[in-house]
Amino acid sequence: MKIAIVGVSGAVGQEFLRVLDQRNFPFDELLLFGSPRSAGTKYTFRGKEYEVKLLQHNDDFKGVDYAFVSAGAGTSKEFAETITKYGAVMIDNSSAFRMDDDVPLVVPECNAEDALNRPRGIIANPNCTTIMMVVALMPIEKLSHITHIHVASYQSASGAGAQAMAELQEQYKDIVEGREPKVEKFAYQLAYNVIPQIDVFTDNGYTKEEMKMFNETRKILHSDVRCSAMCVRISSLRSHSEAVWVETEKPLSIEEVQAALAAAPGVTLQDDPASKIYPMPLYTGGKDDVYVGRVRKDLANENGITLWLSSDQIRKGAALNAVQIAEYLINEK
């Protein structure tokens with residue numbers, strides 16, 4: 001088994017290394033790739049030192065079984081053919097191929113079998129906010145078809161990468177020490193603030209991030225569900241959260257929804273409001289599951305359920321989901 005990580009120096013690339021180690025992912029050979037800036041950097045993994053190779057159009061991917069790619073949509077589009085030329089399965093974390101008809105968009109808890117049909121050798125990892133939402137909604141979908149979703153996301157600095165996390169920490173430090181905080185990675189100062197924009201706006205007034213939730217949810221669930229999202233950047237460091245309202249074809253009881261969530265793979269039900277027990281990003285960082293709480297009836301809709309969830313964006317929202325896809329494919333061989 002020969003595997004590769006493309007974009008290893010980024011936040012998700014580093015998380016790939018942690019997830020592969022923690023899950024004891026089986027491989028005999030590991031290749032690390034990066035940009036000219038990170039080429040030559042050395043990382044120690046499982047007691048062995050690896051040097052980052054420059055990503056180039058050559059035969060470096062010959063013999064690679066699985067390539068975990070997290071280097072941005074432009075790089076993914078440019079190098080997809082090079083990566084897959086000799087039969088490697090490219091599991092891509094960017095937005096480059098998510099909505100392509102001939103590229104499966106996979107969350108293993110929801111549609112793992114879609115990964116088996118990959119005519120271009122590419123499998124797309126969905127957007128982080130979509131991944132954590134559909135993991136929590138799949139058990140409800142199995143009880144009764146979800147027709148409408150309204151969701152407000154509360155997305156941490158980690159969603160914009162390692163440099164954005166560092167900028168948030170520096171902003172707090174600058175403010176405390178009386179300096180003007182630097183703003184580079186976000187449109188505005190994020191410390192002590194929330195920013196109701198993630199990605200650029202489209203013609204309909206929604207951002208690209210919000211439209212990803214609409215389009216990707218339908219593709220993953222093979223559903224006609226309509227999803228209206230408001231995505232907001234908040235000043236937590238890691239893990240995203242979402243407030244979700246769903247409408248189902250038939251009314252569901254809170255008890256059956258909670259039971260379905262508690263039994264679902266990849267979900268931890270943390271729902272005891274009387275004891276102030278509910279998911280929070282401070283505690284879901286570094287964890288694998290999507291944590292769900294505050295499950296209750298929607299007072300504005302008799303067929304509605306409302307819930308709150310939190311999950312690690314770098315982990316389940318990116319690296320872990322990709323590794324789980326590869327694990328599924330290995331088990332299906």
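**Charge pairs, cores and buried polar residues**

K212 counts as buried, because its relative accessibility is 18% and buried means under 20% relative accessible area, with exposed meaning over 50% and partly exposed lying in between (1.4 Å probe, protein chains only). The structure is a predicted model, in which local features need pLDDT of at least 70 and side-chain atom pairs count only at pLDDT 80 or more, whereas totals for chains, interfaces and linings use all residues. Residues are numbered from 1 along each chain as its sequence is written, and side-chain values use heavy atoms, with hydrogens and water left out.

The partner of K212 is E209: their side chains meet in a salt bridge of 3.8 Å, N to O, the term denoting a side-chain nitrogen of Lys or Arg within 4 Å of a carboxyl oxygen of Asp or Glu. E209 is buried as well, at 5% relative accessibility. Both residues belong to helix 6 (residues 208-221) and stand 3 residues apart, about one turn of the helix; helices here are DSSP runs of H or I with at least four residues, strands are runs of E with at least two, and the numbering starts from the N terminus. Side chains of opposite charge can pair when their charged atoms come close. A search of the whole structure finds 20 salt bridges.

A second pair lies in helix 1 (residues 11-22), where E15 and R18 are 3 residues apart and therefore separated by about one helical turn. Their side chains form a salt bridge of 2.8 Å, N to O. E15 is buried at 1% relative accessibility, whereas R18 is partly exposed at 37%.

The salt bridge between R315 and D288 has its closest N and O atoms 2.5 Å apart. This pair links distant parts of the chain, 27 residues apart: R315 is in helix 9 (residues 315-332), and D288 is in the loop between helix 8 and strand 13 (290-297). R315 is buried, with a relative accessible area of 4%, while D288 is partly exposed at 28%. E15, R18, D288 and R315 are among the members of a network of salt bridges that also includes R23, R238, D312 and E327.

The nonpolar interior comes next. In soluble globular proteins, nonpolar side chains tend to be buried together. The largest nonpolar core has 56 residues, and those with the most contacts inside it are F61, L137, I149, V244 and V292; such a core is a set of buried Ala, Val, Leu, Ile, Met, Phe, Trp, Tyr and Cys residues joined through side-chain atoms within 4.5 Å. Helix 4 (residues 128-143) gives the most to this core, namely 9 residues. Apart from it lies another core, of 41 residues, which includes F25, F27, V106 and L329.

V106 is also one of the residues in contact (heavy atoms within 4.5 Å) with N111, beyond the neighbours of N111 within four places in sequence; L105, I220 and H222 are the others. N111 is found in helix 3 (residues 108-111) and is buried, with a relative accessible area of 1%. The side chain of N111 makes a polar contact of 2.8 Å with the side chain of D114. A polar contact is a pair of N or O atoms within 3.5 Å; within protein, one must be able to donate a hydrogen and the other to accept it, and residues adjacent in sequence count only if both atoms are side-chain atoms. A polar atom of the N111 side chain also lies 2.8 Å from the backbone oxygen of L105.

S158 is another buried polar residue, at 2% relative accessibility, and sits in the loop between strand 9 (146-155) and helix 5 (162-176). The side chains of S158 and S156 are joined by a polar contact of 2.7 Å. Not counting residues up to four places away in sequence, S158 touches M165, L237, R238, S239, H240, Q313 and I314.

Of these, S239 lies in the loop between strand 10 (226-233) and strand 11 (240-248) and is buried, with a relative accessible area of 0%. Most residues other than glycine have a negative phi. S239, although not a glycine, has a positive phi of about 85°. N24 likewise has a positive phi, near 50°; N24 is found in the loop between helix 1 and strand 2 (29-34) and counts as exposed, at 59% relative accessibility.
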